[in-house]
Amino acid sequence: MDSKIRCGWCEKDDLYRAYHDNEWGRPVRDDHTMFEFLILETFQAGLSWYTVLAKREHFRKAFDHFDFEKVSQYDEAKVQALMQDTGIIRNQLKIRAAITNAQAYRKVREEFGSFCDYFWKFTGGIPIDNAPATLRDIPASTPLSDAISKDLKKRGFKFVGTTVVYAHMQATGMVNDHLVSCWRRS
């Protein structure tokens, strides 16, 4: 029996625990992984993260392993094929947003050299450590996620409201919201 103390939200099953232990909150510095999380977070909007996480491997296959160059070139035939794919969340607005976001992602990379450079500039490249004592201490959004959301929307991104952005910040380690009692804090 695993005796590690974890953030309470991840104790649903092994899939959630593995995600928590190996990915959530670890700083992401490569554009490929950052794009994957951005697309998955946009599909999560209005749903549980677990729903997306359970379909993650199929999302990878359906979206060319989150190759933003390929996704940015998807045409109407690909949109319709994705709409028929039962392994992903078949929301036409979110599928189209993934393509739009890939196109905007490429433009940000052209301007900043990498999306990670752009994204991390909001914290000066350093993760924000919130040190929450309980799950109730973790916000759904912050003034910083509001500002990033606004900037992303200005750059043409879709489904990047402040709550989605904050979840993205947590997933990619821009903020450390592991509970103070969690073994992953260090």
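A residue counts as buried under 20% relative accessible area, as exposed over 50%, and as partly exposed in between. Keep that scale at hand for the first stop of this tour, which runs through a predicted model.

**Stop 1: the loop between H4 and H5**

Select Asp 64, which sits in the loop joining helix H4 (56–62) to helix H5 (68–71). With a relative accessibility of 27%, Asp 64 falls in the middle class and is therefore partly exposed. Now check its backbone: phi is near 50°, a positive value in a residue that is not glycine. Step along to His 65, which belongs to the loop between H4 and H5 as well. Its phi is near 55°, again positive in a residue other than glycine.

**Stop 2: Phe 63 and the core**

Next, select Phe 63. Leaving aside residues up to four places away in sequence, Phe 63 touches Phe 43, Val 71, Tyr 74, Leu 82, Ile 88 and Ala 98. Show those side chains together with Phe 63, then widen the view to the largest nonpolar core, a set of 53 residues. Which residues have the most contacts inside this core? They are Phe 59, Phe 63, Phe 115 and Phe 157.

**Stop 3: H2 against H7**

Two packed helices are described by the angle between their axes and the distance between the axes. Colour helix H2 (residues 31–44) and helix H7 (residues 92–112); their axes come within 10 Å and cross at roughly 150°. Angles over 145 degrees count as roughly antiparallel, so H2 and H7 are roughly antiparallel to each other. Their crossing is right-handed.

To see the contact itself, select these two groups:

- On H2: Asp 31, Met 34, Phe 35, Leu 38, Ile 39, Thr 42, Phe 43 and Gln 44.
- On H7: Lys 94, Ile 95, Ala 98, Asn 101, Ala 102, Tyr 105 and Arg 109.

Coloured by class, this contact shows 9 nonpolar, 3 polar and 3 charged residues. Phe 43 and Ala 98, both part of this contact, are also among the residues that Phe 63 touches.

**Stop 4: H6 against H7**

H6 and H7 pack at an angle of about 135°, with their axes 10 Å apart. That angle makes H6 oblique to H7. Is the crossing of H6 and H7 left-handed or right-handed? It is right-handed.

For the contact, pick Glu 76, Val 79, Gln 80, Leu 82 and Met 83 on H6, which meet Gln 92, Ile 95, Arg 96 and Ile 99 on H7. By class, these residues divide into 5 nonpolar, 2 polar and 2 charged.

Conventions. Residues are numbered from 1 along each chain as its sequence is written. This is a predicted model: local features need pLDDT of at least 70, side-chain atom pairs count only at pLDDT 80 or more; totals for chains, interfaces and linings use all residues. Side-chain values use heavy atoms; hydrogens and water are left out. A nonpolar core is a set of buried Ala, Val, Leu, Ile, Met, Phe, Trp, Tyr and Cys residues joined through side-chain atoms within 4.5 Å. Buried means under 20% relative accessible area, exposed over 50%, partly exposed in between (1.4 Å probe, protein chains only). Contact means heavy atoms within 4.5 Å. Axes are lines fitted to C-alpha atoms, for helices over the stretch in contact, and angles run from 0 to 180 degrees between N-to-C directions. Helices (H or I, at least four residues) and strands (E, at least two) are DSSP runs, numbered from the N terminus. Angles under 35 degrees count as roughly parallel, over 145 as roughly antiparallel, 65 to 115 as roughly perpendicular and the rest as oblique. A crossing is left-handed if the near helix is turned anticlockwise from the far one by less than a right angle, and right-handed if clockwise. Ala, Val, Leu, Ile, Met, Phe, Trp, Tyr, Cys and Pro count as nonpolar, Asp, Glu, Lys and Arg as charged, and the others, Gly among them, as polar.
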